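Here is my note for anyone opening this structure for the first time. Have a look at the sequence and the model before reading on.

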Amino acid sequence: MPTISQIAKWCHGEWQVQEGSDTVIGELVIDTRKVATPSSALFVALKTQRRDGHSFISDAYQKGIRNFLVSNPVDASAYPDASFVTVRDTLTALQQIAAGHRKQFKIPIIGITGSNGKTIVKEWLYQLLSEDYKAVRSPKSYNSQIGVPLSVWLLEPQHTLGIFEAGISQPGEMEQLEKMIHPEIGVFTNIGEAHSEGFLNIRQKINEKLILFRYAKQLVYCKDYPELNQCIIQYINQFKSPDGTPHLQLFTWSQRTDSDLRITKIDKQPGNTKIEALYKGQQIGITIPFSDPASIENAIHCWCVMLLLQMGADKIQERMGHLQPVSMRLELRHGINDCTIINDSYNSDITSLLIALDFLEQQKQHKNHTVILSDMLQIAKSDGELYEEVAEMVSRKNIYRFIGIGPALYKHKSAFRTHKKLRSIFFKSTEEFLKKIHLITFDKEAILLKGARNFTFEKIGMLLEQKIHQTVLSIDLSAITSNLNVFRKSLQPHVKTMAMVKAFSYGAGSFEIANLLQYAGVDYLAVAYTDEGIALRKAGITMPIMVMSPDMESFDRMIAWKLEPEIFNLRSLQAFTGIAQTLEVRGYPVHIKLDTGMHRLGFQRFEIDELLEDLQYNPYVHIASIFSHLAASDDAAQDEFTNAQAALFDDMSERIMDQLPHKPILHLCNSAAIKRHPKLHYDMIRLGLGLYGIDSSGDMQQKLMQVGTLKTTIAQIKEIPQGETIGYSRRAMANEKMRIATISIGYADGYPRSLGNGKAHVLIHGKPAKITGVVCMDMCMVDVTDIPEATEGDEVIVFSPELPVTQLATWAGTIPYEIMTGVSQRVKRVYVNEG
């Protein structure tokens with residue numbers, strides 16, 4: 001690995017060192033919360049719209065980092081033994097470092113781009129080629145301007161193959177990614193509308209992506225995308241050798257026309273698909289354990305790469321048959337004995353282990369953290385070196401208990417036992433662990449399950465997870481982060497963010513969402529009632545929390561738990577002042593609510609003089625913020641009223657601030673107003689339903705991701721003869737022979753009764769199945785006559801990105817808030833995170 005002086009040369013930086021040696025850099029760090037080996041780490045102080053990495057240099061230094069890449073002047077004397085490399089722009093320098101590192105390796109590199117399928121193709125190529133190559137690949141979906149340099153940095157001398165993906169959102173980005181990846185073999189998966197906002201048209205997007213293959217030798221793609229095919233042909237004709245031959249050789253496949261791999265037959269069967277093709281005049285074939293169109297396309301791309309690498313047909317056939325599904329997500333579930341289970345089915349390697357340990361570390365609701373890890377397979381390091389690194393990494397994360405499963409971990413258990421504070425237990429196999437699991441106590445702790453697939457850790461998960469209702473609400477934490485960032489991009493840097501986590505975070509789960517938002521750097525949380533705030537404090541949430549509907553009887557508990565009340569009338573102010581005086585608390589933060597037209601809670605204009613009189617000599621409260629609530633910010637027809645509310649808010653808040661010795665935070669905008677009324681952002685915005693993927697104004701809906709997927713299962717399928725009735729009150733009748741599925745969800749789970757009798761449908765195998773008859777308390781019936789593949793136990797989608805919750809709300813004649821908050825607490829919540 002390079003030294004700090006070499007890195008300074010690569011990025012044209014000025015190296016300032018006090019006393020330290022020319023340190024070998026083994027890790028690039030952009031987040032001080034995610035450090036594996038501080039002594040060999042380089043902290044890169046990146047600047048974004050809302051965060052400046054330079055403000056975290058002190059934190060990085062305290063965690064043991066001694067090498068820094070900066071663009072702002074730093075007082076080096078404040079950091080003894082530290083080295084600083086100063087550059088103009090740290091992101092550009094990070095990319096230059098990755099490009100310099102890439103040049104040290106003369107091995108085949110596969111570069112993958114396209115609209116969809118990049119990550120799956122990358123992961124499948126890693127599965128298919130790891131027996132023949134010591135391969136390294138991008139972690140998860142690290143394909144951005146920041147993700148690519150962090151991926152390329154993972155190249156080490158023992159590697160013989162690299163597989164990296166590249167994604168872009170606007171012109172000019174791919175040129176930087178090409179310098180870092182510099183692939184020999186390219187894969188262009190497909191082209192679609194995803195991430196098209198920054199491009200004039202689809203051809204501009206294709207041509208920008210093709211820059212990745214400027215110096216590649218071979219390119220794999222499907223000719224069945226006409227515009228993609230035309231652009232590639234034009235592109236290769238621009239870059240030819242002196243003899244007139246294109247320097248980029250194409251390897252094409254198609255179901256429709258002549259190509260290098262001509263697909264002649266696709267035979268979908270239950271659980272697998274047989275694919276036949278003509279290659280170099282020979283009939284060849286593979287069978288894959290998938291049948292959906294996306295998986296078939298992704299598998300054929302991988303097939304082409306394996307043929308390019310001159311792998312034998314028998315070897316390809318055998319490995320294709322063992323392809324595994326790719327899960328890029330960490331799943332967080334409720335476990336036995338008040339435990340939290342983090343199930344990470346991502347491939348078991350050092351990088352993904354560090355990501356999982358970082359996620360485990362975020363689970364502040366538990367004092368104790370346990371890691372259950374299997375042997376790590378197909379790692380290009382000796383076992384001794386590998387498990388010493390793992391032991392060091394685990395011990396740094398303050399893990400309470402480590403359970404190692406597998407012969408290699410068992411053999412190298414001494415590496416873990418040198419860390420005296422780490423309790424460690426080892427088993428030679430999963431079966432041995434399962435036989436002795438009753439001897440191990442799991443209680444009120446966070447447990448990370450991370451195992452290679454052939455260790456069948458799903459058996460362990462079944463024993464540790466809490467057994468609840470079959471109906472599950474899956475919450476995508478990555479989608480919440482994405483939505484938060486979408487709104488943040490609309491804000492000026494000084495504008496703070498308050499996130500609403502009231503009503504069980506709109507049905508999504510209070511602590512889990514609050515923990516994510518705290519980690520993401522949100523400035524304030526807001527809950528409806530004191531008990532909600534106390535529950536968050538007990539679970540380890542330390543950031544400021546405003547209580548929007550405080551019960552005056554609970555003011556003493558609010559002070560005890562450091563919750564900040566909304567004060568909306570003189571009575572609540574006087575009651576809180578009395579409690580604060582009794583408890584001898586001074587300058588306690590409170591939030592003044594003004595009524596500017598919503599007419600729900602808040603001081604009205606004529607009450608401001610009395611409010612000021614009560615505040616004038618009141619040492620017990622400190623006005624943290626002044627705010628109001630917009631009544632119709634999502635409706636363009638009501639903009640005149642919204643502007644009148646804002647004018648009244650200005651008048652009332654200015655009268656209050658004139659009498660205060662400090663300037664409080666002002667906030668007025670809810671989710672819908674953030675985009676529609678940018679002049680009303682003031683000092684802070686309140687982000688509610690938009691955080692969960694719903695924009696009532698419609699202006700930002702295309703950029704938001706639906707956060708929740710509600711799914712259940714088919715309990716029973718039966719044939720209903722013509723003339724028979726279905727359900728309570730005989731509301732539905734079979735006008736012809738029908739096939740009916742009873743699904744495990746009803747109005748007690750939050751599925752509205754108003755959706756019965758054909759008003760709504762669910763999705764089974766991606767096809768609509770109408771609700772038949774009345775929605776029952778615990779179940780309802782759907783028509784699967786036209787879905788012959790439906791079987792008992794199959795998954796049923798109630799709402800998802802493909803069947804939006806807004807559609808259910810429309811069918812039910814209500815609003816999305818009601819659907820989301822109505823999902824019963826008996827419905828199991830599962831949290832997934834792409835890291």
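1. Some ground rules before we start. This is a predicted model, in which local features need pLDDT of at least 70 and side-chain atom pairs count only at pLDDT 80 or more, while totals for chains, interfaces and linings use all residues. Residues are numbered from 1 along each chain as its sequence is written, and side-chain values use heavy atoms, with hydrogens and water left out.

2. Let's begin with charges. The structure holds 28 salt bridges, a salt bridge being a side-chain nitrogen of Lys or Arg within 4 Å of a carboxyl oxygen of Asp or Glu. One of them joins the side chains of D344 and K450, at 2.5 Å from N to O. D344 sits in strand β16 (residues 340–344) and K450 in strand β20 (residues 445–450), so this pair ties together parts that are 106 residues apart in sequence. Helices (H or I, at least four residues) and strands (E, at least two) are DSSP runs, numbered from the N terminus. Both D344 and K450 are buried; the word buried stands for under 20% relative accessible area, exposed for over 50%, and partly exposed for what is in between (1.4 Å probe, protein chains only).

3. Next, a bridge between helices. D639 forms a salt bridge with R676, and their closest N and O atoms are 2.9 Å apart. Since D639 lies in helix α24 (residues 639–657) and R676 in helix α25 (residues 671–676), the pair ties together parts that are 37 residues apart in sequence.

4. Then there is E789, which forms a salt bridge with K767, the closest N and O atoms being 2.9 Å apart. E789 is in the loop between β36 (780–783) and β37 (795–799), and K767 is in strand β35 (residues 767–772), so the pair ties together parts that are 22 residues apart in sequence.

5. On to helix packing. The axes of helix α9 (residues 293–308) and helix α10 (residues 313–320) come within 11 Å and cross at roughly 150 degrees. Axes are lines fitted to C-alpha atoms, for helices over the stretch in contact, and angles run from 0 to 180 degrees between N-to-C directions. Helices α9 and α10 are therefore roughly antiparallel to each other; angles under 35 degrees count as roughly parallel, over 145 as roughly antiparallel, 65 to 115 as roughly perpendicular, and the rest as oblique. Their crossing is right-handed, a term for the near helix being turned clockwise from the far one by less than a right angle, with left-handed for anticlockwise.

6. Which residues of α9 and α10 meet? From α9 come A299, C302, W303, M306 and L307, and from α10 come I316, R319 and M320, where contact means heavy atoms within 4.5 Å. By class, the contact of α9 with α10 has 7 nonpolar, no polar and 1 charged residues. Ala, Val, Leu, Ile, Met, Phe, Trp, Tyr, Cys and Pro count as nonpolar, Asp, Glu, Lys and Arg as charged, and the others, Gly among them, as polar. In the loop between α9 and α10 you will find Q310, which has a positive phi of about 60 degrees although it is not a glycine. Q310 is exposed, with a relative accessible area of 72%.

7. The crossing of α7 and α8 is right-handed. Residues in the contact include I202, I206 and L210 of α7 and L228, C231 and Y235 of α8. By class, the contact of α7 with α8 has 7 nonpolar, 3 polar and 2 charged residues.

8. Finally, two buried residues. Q645, in helix α24, is buried at 0% relative accessibility. Not counting residues up to four places away in sequence, Q645 touches T596, G597, M598, H629, L630 and A631. N67 is in strand β4 (residues 67–70) and is buried, with a relative accessible area of 2%. Leaving aside neighbours within four places in sequence, the contacts of N67 include I4, T23, F43 and S83.
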